[in-house]
Amino acid sequence: MNRPPRTVRPPRPAAPEARARRRWLLVAGVAAALFTALAVLLATRAWAPFPFERAAADWAADHRPAVARSSAVALTRLGSAVVPYLLALAAGAVSVRATPAPRPVRRTALQLAAPVLWLIAGQLLRLGVMHACGRPRPPQAEWATDASGFSFPSGHSFTSAVSSGLLALAVARAHPAAARAAAGWAAVFTLVVGLSRIYLGVHWPLDVLGSWLLAAGWLAIGAVVLHPLQPTAAPPDTGGAA
C-alpha cells in the first residue's frame with residue numbers, strides 16, 4: 001500500500017513581538033560588548049588619553065570664544081538636573097495617553113513612573129561603572145564649566161541619551177508615524193549634549209563614546225522590560241480581515 005507523500009509545513013514565522021525582542025537583545029549584547037572592549041582598551045593604557053583625544057581637548061581650548069562657551073554651557077545643562085527626568089516622565093505620559101480607557105489607577109501610576117525608574121536604575125549602573133573605572137578627567141585648567149567625579153563614562157552624555165531615547169521609544173510605539181521624527185530628535189539631543197562635554201573640556205572624546213554605548217545597551221534592555229507598559233497603536237481598519 002502506497003502512502004501519500006508527507007506534506008512538509010514551513011516553520012511558522014515568529015510573532016512580531018518575539019522578533020522585536022530578539023533584535024533589542026541583540027542590540028544590547030553588541031553595545032555591551034563594544035563598551036567592554038573600549039573600557040579594556042583604555043585600561044591597558046592606564047586610562048591615559050589617546051593622542052587624538054589630547055588633540056581634541058587642545059582644539060576645544062583654543063576655539064572657545066565667550067558666546068560659544070555660554071551656548072555650550074546652556075546646552076550641556078540639558079543633560080543634567082531636572083530636564084532628563086522630565087523627558088522620562090513625558091515618556092510615561094505618552095504611554096498613558098495611548099492606553100484606551102478605562103485606565104486602572106495602579107497601572108497608570110506604573111506607566112508614568114516606569115521610565116523615570118529605569119533612568120534612575122541606569123544612573124546607578126553608570127555610577128558603579130564610573131567608580132570601577134576611575135578614569136581621570138582632562139586637566140582642570142582646561143575646564144570651561146564645573147565638573148565632579150571621574151571621567152568615564154560621561155554622566156551628562158549617558159543621561160541625555162537614555163532620557164531622550166525613552167521618550168522616542170514611547171512615541172514610536174504610541175504613534176508609529178512619528179517614530180522617525182522622534183528618533184531623529186533624540187539623536188540630535190544626545191549628540192549636542194555629548195559634544196558639549198568635550199568642547200567644555202570636562203571629558204575626553206572616548207568618555208562620551210563609552211557613555212553612548214552604555215546608554216544604547218541600557219535603552220535596548222529597557223525596550224524589552226518596559227514593552228508591556230507601552231501600548232502599541234492599533235493598525236488602521238482596512239475594512240477586511242487581516
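Predicted model: local features only at pLDDT ≥ 70, side-chain atom pairs only at ≥ 80, totals over all residues.
The largest nonpolar core comprises 40 residues, and Leu42, Phe152, Val162 and Leu166 have the most contacts inside it. At least two residues of this core come from each of helix 1 (16-44), helix 4 (83-98), helix 5, helix 6, helix 7 and helix 8 (205-225). Helix 6 makes the greatest contribution, with 10 residues. For leucine 166, contacts beyond four places in sequence are made with Ala88, Ala91, Pro115, Trp118, Leu119, Leu219, Leu226 and Gln230. Another core, of six residues, lies apart from the largest one; Ala60, Val73, Ala144 and Tyr199 are among its members.

Five aromatic pairs were counted. In one of them, tryptophan 47 and phenylalanine 152 are tilted, with 5.8 Å from centre to centre and 40° between the planes. This pair connects distant parts of the chain, 105 residues apart: tryptophan 47 is in the loop between helix 1 and helix 2 (51-62), and phenylalanine 152 is in the loop between helix 5 and helix 6. Tryptophan 47 and phenylalanine 152 are both buried. Tryptophan 118 and tryptophan 218 form a stacked pair, with a centre-to-centre distance of 4.2 Å and an angle of 10° between the planes. Here too, distant parts of the chain are linked, since tryptophan 118 belongs to helix 5 and tryptophan 218 to helix 8, 100 residues apart. One aromatic cluster is formed by Phe35, Trp47 and Phe152.

Glutamate 142 is located in the loop between helix 5 (105-133) and helix 6 (155-174). Its relative accessibility is 19%, and glutamate 142 therefore counts as buried, the cut-off being under 20%. When residues up to four places away in sequence are left out, glutamate 142 touches Arg54, Ala57, Asp58, Arg64, Leu200 and Gly201.

At the surface, a nonpolar patch is formed by Leu75, Leu78, Val188 and Val192, which together have about 270 Å² of accessible area. Valine 192 is placed in helix 7 (residues 179-199). With a relative accessible area of 31%, valine 192 is classed as partly exposed. Alanine 32, in helix 1, is also partly exposed, at 39% relative accessibility. Between alanine 32 and leucine 213 the C-alpha to C-alpha distance is 7.1 Å, although the two are 181 residues apart in sequence.

Technical notes. Residues numbered from 1 in each chain as written. Heavy atoms only, no water. Helix = DSSP H or I, 4+ residues; strand = E, 2+ residues; numbered from the N terminus. Buried < 20%, exposed > 50% of the residue type's maximum accessible area, 1.4 Å probe, protein only. Contact = heavy atoms within 4.5 Å. Patch = residues over 30% accessible without salt bridge, like charges linked within 9 Å, V, L, I, M, F, W, Y side chains within 5 Å. Areas by Shrake-Rupley, 256 points an atom, 1.4 Å probe, with all protein chains shown as cover. Salt bridge = Lys/Arg side-chain N within 4 Å of Asp/Glu carboxyl O. Core = buried A, V, L, I, M, F, W, Y, C linked by side-chain atoms within 4.5 Å. Phe/Tyr/Trp six-rings, centres within 6.5 Å; stacked < 30°, edge-to-face > 60°.
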